[in-house]
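Trainee: I have a few questions about the words we use for this model. Could we go through them together?

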Amino acid sequence: MKSVQLIALDVGGVIYFDEPFELAWIHQVFARARTADPSFTASSLIRDMKVFYAAPASHHRAGTVFSRPLARQSWLETRALWSELVQPIPGAVDAVRQLAGRYDLCVVANQPPECAAALGQIHLGDAFKLVALDSTVGYAKPDPRLLGWALDKLRASPAQTLVVGNRWDHDIEPAGALGCLTTLIRPSHGWDAPSGCDQKIVEAYRELRSQVISRNVNGNAAPVAAGLGEVATTLSQVLDRRT
């Protein structure tokens with residue numbers, strides 16, 4: 001691997017799991033929808049989930065429960081629970097600590113503002129030179145301007161920046177377009193559903209989520225790692241060979 005000075009990390013799917021947040025939001029939507037219409041069942045929700053996760057373009061989601069104002073209200077309620085829902089990916093926190101001892105690190109992620117406090121909760125608040133979130137910067141991946149903004153702030157060279165993410169379209173492609181090095185994280189499945197979740201909804205979500213992950217990884221030829229631990233080990237070996 002070429003000389004690396006800065007490592008830019010995604011958060012969801014790299015440091016902590018995305019899935020508990022999504023499931024909490026889905027259940028908040030379900031509860032609000034049932035309050036408004038008691039005839040709205042788990043089967044009704046799953047039908048809308050299939051449309052939601054199959055259609056990247058928002059206009060295809062029109063008519064589903066996820067296009068209604070209650071979905072936005074449910075998202076705000078989920079954000080209020082963010083720190084309670086955090087589930088670090090096994091080995092990720094230790095790997096970040098290991099990397100921070102040898103490199104400058106930053107976060108570049110599509111996450112709500114509550115992400116910063118969540119990173120502090122898992123004892124990573126001081127590990128990053130910069131936390132660049134779409135919700136605070138104003139650019140969202142796959143727009144490369146979010147990563148470009150972080151590089152400008154840190155005066156970092158793209159050629160000496162390694163971007164680590166779990167999505168080809170949101171992480172690898174935009175980073176490559178800017179001239180950065182890239183590593184794609186292979187999805188981990190060790191998350192637990194939040195307490196109180198409907199098992200039927202959880203099972204449907206797991207299946208739909210696996211389909212989304214398959215689309216995101218996309219079978220492309222970017223270097224792939226099983227997790228941040230593997231990234232840290234590989235970089236450590238490279239440094240050791242140079243010293």
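Mentor: Gladly! Two strands pair if DSSP finds at least two bridges between them, and strands (E, at least two residues) and helices (H or I, at least four) are DSSP runs numbered from the N terminus. This is a predicted model, where local features need pLDDT of at least 70, side-chain atom pairs count only at pLDDT 80 or more, and totals for chains, interfaces and linings use all residues. Residues are numbered from 1 along each chain as its sequence is written, and side-chain values use heavy atoms, leaving out hydrogens and water.

Trainee: What makes strand 1 and strand 2 a pair?

Mentor: 4 bridges join strand 1 (residues 6-9) to strand 2, and the two run parallel. In this pairing, L9 stands opposite V107 of strand 2.

Trainee: Which strand does strand 2 join with 4 bridges besides that?

Mentor: Strand 3 (residues 130-133), again in parallel; there A109 stands opposite L133.

Trainee: Why is strand 2 called largely enclosed?

Mentor: Buried means under 20% relative accessible area, exposed over 50%, and partly exposed in between (1.4 Å probe, protein chains only). Of the 6 residues of strand 2 (residues 104-109), 5 are buried, so the rest of the structure largely encloses this strand. Across the 243 residues of the protein chain, 49% count as buried.

Trainee: How many helices and strands does the chain have, and why is it called as compact as a globular protein?

Mentor: It has 11 helices and 6 strands. Its radius of gyration is 19 Å, close to the 18 Å from the globule rule for 243 residues, so the chain is as compact as a globular protein of that length. That radius is taken over C-alpha atoms, and the rule is 2.2 Å times the number of residues to the power 0.38.
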